[in-house]
Amino acid sequence: MFANSPWALLPPVIAIALALITKEVYSSLFIGIVVGGLLYANFHPVMAMEHIFVDGMIGQLTDPWNMGILIFLVVLGSMVMLMNRAGGSAAFGRWASSHVKTKVGAQLATIALGVLIFIDDYFNCLTVGSVMRPLCDKQNISREKLAYLIDATAAPVCIIAPISSWAAAVTGFVDGANGLTLFVRAIPYNFYALLTIAMMLTLTFGKFDYGPMRKAEQEHIKKKFSDPRDDLPDSAITGAEDQPNPPVSDKGRVSHLVVPIISLIICCVIGMIYTGGFFEGESFITAFSNSDASVGLVYGSVVALLITIIYFLCTRVLDFKECMNAIPEGFKSMVPAILILTFAWTLKSMTDSLGAAGYVAGLVEHVAGNSAFMSLLPAFVFLIGVFLSFATGTSWGTFGILIPIVVSVFGADLNNELMIIAISACMAGAVCGDHCSPISDTTIMASAGAQCDHIRHVSTQLPYAMTAAVVSLIAYILAGFIRIWVISLVLGLAMMVAVLLGIRALTKEIPE
């Protein structure tokens, strides 16, 4: 009765609306899950309960991919706690404050690190958060702004990096054409990703914010100067808000943060290419394309955790007992992110069981079948990608639905520039919706990495993401007619900068 209809999108819409209104994410997600279960069971309570907990929550928690991500989260949390207890984060904060002396420099450093860690968005969010949190705290950058910078350099960067888990996912959804070639050709048309990067740089160099982010930055500055506890040298960089006075070694050096992070990067790359068959003779690019990111990240993070413990023991910054005590504390720090992820995955399973994917696929095929709208197809695909990804909280699921449809419409013709634009619009729309959605795992990871309240991150980021989305939509309308990437991209970048400068001029008139 409710399957394969607009009702299939009701559960995530309810969950997202409640989360934004009540500012309470756990109950909002659970209510959305319950609504999905009731719709699936035609309001039969026993059947709904079975579907929610057996097919939904238990099914998602026993999924190998999801379990790998949860293990990776736990290990990352333990590593972060170890670095904090060893004094590595505090030492990096002191070092960074003596080298990066401005707020602009701290933001640029965060953006640069986010761009450099393009391999995987989960890895990006947690690693950049762990490394840059001390520096941003020292430079008086709010956690909301840090979370935005992390989130905006995660998926948007991964989706334009040919060697990343995202590129591997996209190429896997393309049948009848060279997926990697198509991905590379689509990069210049990925307006949302490119315009988001341009937006971050414009805001940083322009030294301004707007909307809820501006308010969050102002509140952070007032709190910083009004709360005497914030004058303590390392009070903001222990990374353990749940613990009033966590023990921190006074022997910590910058190397006690740098060595674990470098080990993590190297080990995770090796773990990912190992799962793709690199050590069985495959090329590096092929191994990356075939990699199982979930398993590879688990392999890499566990080995990096062992290296970190051994290094801390050898340098005598922590003893064995202190290392072991830090591991469960790291687990505890990740419990909120794990709980939100579990609910988000369960909500997605409710949406899938109601046939939301099939309903949206039918809409896309209907639009694509109308030849009069072909030049506007990229803009329609972008809008549908945004809505589907926002409602379901998954970019990859959106790729899986829309990319095969677009390829079938054009017959996998790589010489058709409109197909390249439409494929890119699909990827851009999926990333945009994912960037906006409070139930997106990447958004949840960004909140965890910045140690920022999740709903505050979503509400402060949303106006920025929507600004980039509107400009991207206009760019796709133009690209559908122009079909030359250089002209389309230059026009999009010019519009983005012009809009931001206009907002800056208007917000200057508003009293602080």
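**Cysteines and helices in a predicted model**

Me: Is Cys-432 buried or exposed?
Reply: This is a predicted model. The relative accessible area of Cys-432 is 0%. Buried means under 20%, so Cys-432 counts as buried.

Me: Which cysteine sulfur is closest to that of Cys-432, and how far away is it?
Reply: The closest cysteine sulfur lies in Cys-436. A disulfide needs the two sulfur atoms within 2.5 Å. The pair is therefore too far apart for a bond: the sulfur in Cys-436 is at 4.3 Å.

Me: What is the relative accessible area of Cys-436?
Reply: Cys-436 is buried. The cut-off for that is under 20%. Its value is 4%.

Me: How many disulfides does a search of the whole structure find?
Reply: The sulfur of Cys-436 is too far from that of Cys-432 for a bond. The search covers the whole structure. Its count of disulfides is zero.

Me: How are α4 and α18 oriented relative to each other?
Reply: Helix α4 (residues 64–85) packs on helix α18 (residues 335–353) with axes 11 Å apart. The angle is about 165°. Angles over 145 degrees count as roughly antiparallel, so α4 and α18 are roughly antiparallel.

Me: Which residues of α18 make the contact with α4?
Reply: The crossing of α4 past α18 is right-handed. On the α4 side, the contact uses Asn-66, Ile-69, Leu-70, Leu-73 and Val-74. Residues three or four places apart in an α-helix point the same way, because there are 3.6 residues a turn. From α18 come Ile-338, Leu-341 and Trp-345.

Me: What span should the 19 residues of α18 have, at 1.5 Å a residue?
Reply: The end C-alpha atoms of α18 are 27 Å apart.

Me: Which residue with a positive phi follows α18?
Reply: Its phi is near 80°. The residue is Gly-355.

Me: How far does helix α16 reach from its first C-alpha to its last?
Reply: Helix α16 (residues 293–314) has 22 residues. Its buried residues include Leu-297, Ser-301, Leu-305 and Phe-312. Just after α16, Arg-316 has a positive phi of about 60°. At 1.5 Å a residue, 32 Å is expected for α16, and its reach is close to that, at 31 Å.

Me: What is the relative accessible area of Thr-181?
Reply: Thr-181 sits in helix α11 (residues 179–186). Its C-alpha is 9.4 Å from that of Pro-162, 19 residues away along the chain. Thr-181 is partly exposed, at 34%.

Conventions: Residues are numbered from 1 along each chain as its sequence is written. This is a predicted model: local features need pLDDT of at least 70, side-chain atom pairs count only at pLDDT 80 or more; totals for chains, interfaces and linings use all residues. Side-chain values use heavy atoms; hydrogens and water are left out. Helices (H or I, at least four residues) and strands (E, at least two) are DSSP runs, numbered from the N terminus. Buried means under 20% relative accessible area, exposed over 50%, partly exposed in between (1.4 Å probe, protein chains only). The expected span of a helix is 1.5 Å times one less than its number of residues. Axes are lines fitted to C-alpha atoms, for helices over the stretch in contact, and angles run from 0 to 180 degrees between N-to-C directions. Angles under 35 degrees count as roughly parallel, over 145 as roughly antiparallel, 65 to 115 as roughly perpendicular and the rest as oblique. A crossing is left-handed if the near helix is turned anticlockwise from the far one by less than a right angle, and right-handed if clockwise. Contact means heavy atoms within 4.5 Å.
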